[in-house]
Amino acid sequence: MSKLKKYSVTLVFVICLLCVFLCSSALAEDADTGAGYTETPIYFDGLLSCRGYLIGDNTYVSLEAACAVLGYDTDVYYDKEIDKLTVETAGITITAASADQYMCANGRYIYLPDGYIEIEGSFVVPAEALAKIFTLTLTEDTETGTIDFSTADEQILRSGDEYYNEDDLYWMSRIITWESGNQPMEGQIGVGNVILNRVGDARFGATLKEVIFQPGQFSVATSGAIYGEPYEISVICAKLVYEGYNTVDNALFFQTGRYWDSGMIETTWVAKIGDHNFFC
């Protein structure tokens, strides 16, 4: 479908939205979630196309509304027994559960620290997540939360089978499991970030495997524990690390318990997540 045709089809929808923005209250609360939000306009290629929801510092967009603007039909199914939402659109499957901090789209994992949110019966996701799924360029007015998506490079996110390197996932998921498998997702991602931050640093090793097996660094590598099966959540965290999500910036070390500086090297504390302190 051409861009012109897509925008023509949504013209009436846009006019209705304009009325909503002008007439409705600026601040609302969703009956289902209790989440306070401010409605904000969402643009595609400079054209007002649907409404967004500013919650805290993040702008959320209805997946169904965005897909309609892009010219895709959507089928949405919620399985209450297992708390799983499934969305079929554009030839791909998107799944999420309200208790999870991630969603899966075309076999790829997207970090959702606050889980998915439902507003007025619609599944809404952070604008950055939508941009990732459809390879859109996102421009945001940080003061108003207004988003403008450019569709110039639009394409469906490459599948997980094509994107993830199995050898990298093998080692990354195992080091995350045995160093932090009992930690929150944010902390497991942080441990993965530390490992990846070390790759290429002459002090640690040129490859992922060299970093993990560097003498004196990780006891699970020398004990053989690292060869055990990884936890499912740790595999997902490893994938999130390779998706570029980072919870500890440029940290190169992590340590259980109170932050400690040996005095042998200059270190800077970065964050405490769960039982781990991260520093560089």
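Here are some questions and answers on a pocket, the nonpolar cores and a helix of this predicted model.

Residues are numbered from 1 along each chain as its sequence is written. In this predicted model, local features need pLDDT of at least 70, side-chain atom pairs count only at pLDDT 80 or more, totals for chains, interfaces and linings use all residues, and side-chain values use heavy atoms, with hydrogens and water left out.

Q: What makes Phe44 and Phe123 members of a nonpolar core?
A: A nonpolar core is a set of buried Ala, Val, Leu, Ile, Met, Phe, Trp, Tyr and Cys residues joined through side-chain atoms within 4.5 Å, and buried means under 20% relative accessible area (1.4 Å probe, protein chains only). Both belong to the largest such core, of 69 residues, and are among those that touch the most other members, as are Met103 and Leu130. A second, separate core of 7 residues includes Tyr53 and Ile119.

Q: Which residues count as contacts of Phe123, leaving aside its neighbours within four places in sequence?
A: Contact means heavy atoms within 4.5 Å. Val61, Leu85, Met103 and Tyr116 are among the residues that Phe123 contacts in this way.

Q: Why are 8 residues in the lining of the second largest pocket called nonpolar?
A: Ala, Val, Leu, Ile, Met, Phe, Trp, Tyr, Cys and Pro count as nonpolar, Asp, Glu, Lys and Arg as charged, and the others, Gly among them, as polar. The lining includes Ile110, Leu112 and Pro113, so these three fall in the nonpolar class. The lining also has 2 polar and 2 charged residues.

Q: Which residues of helix H10 are buried?
A: Ser234, Ile236, Cys237, Ala238, Lys239, Leu240 and Val241 are.

Methods:
On a 1 Å grid over the protein atoms alone, a cavity is a set of points where a 1.4 Å probe fits but cannot get out, and a pocket is an open set with protein on both sides within 12 Å along at least five of seven lines; lining residues have an atom within 4 Å of a point. Buried means under 20% relative accessible area, exposed over 50%, partly exposed in between (1.4 Å probe, protein chains only). Helices (H or I, at least four residues) and strands (E, at least two) are DSSP runs, numbered from the N terminus.
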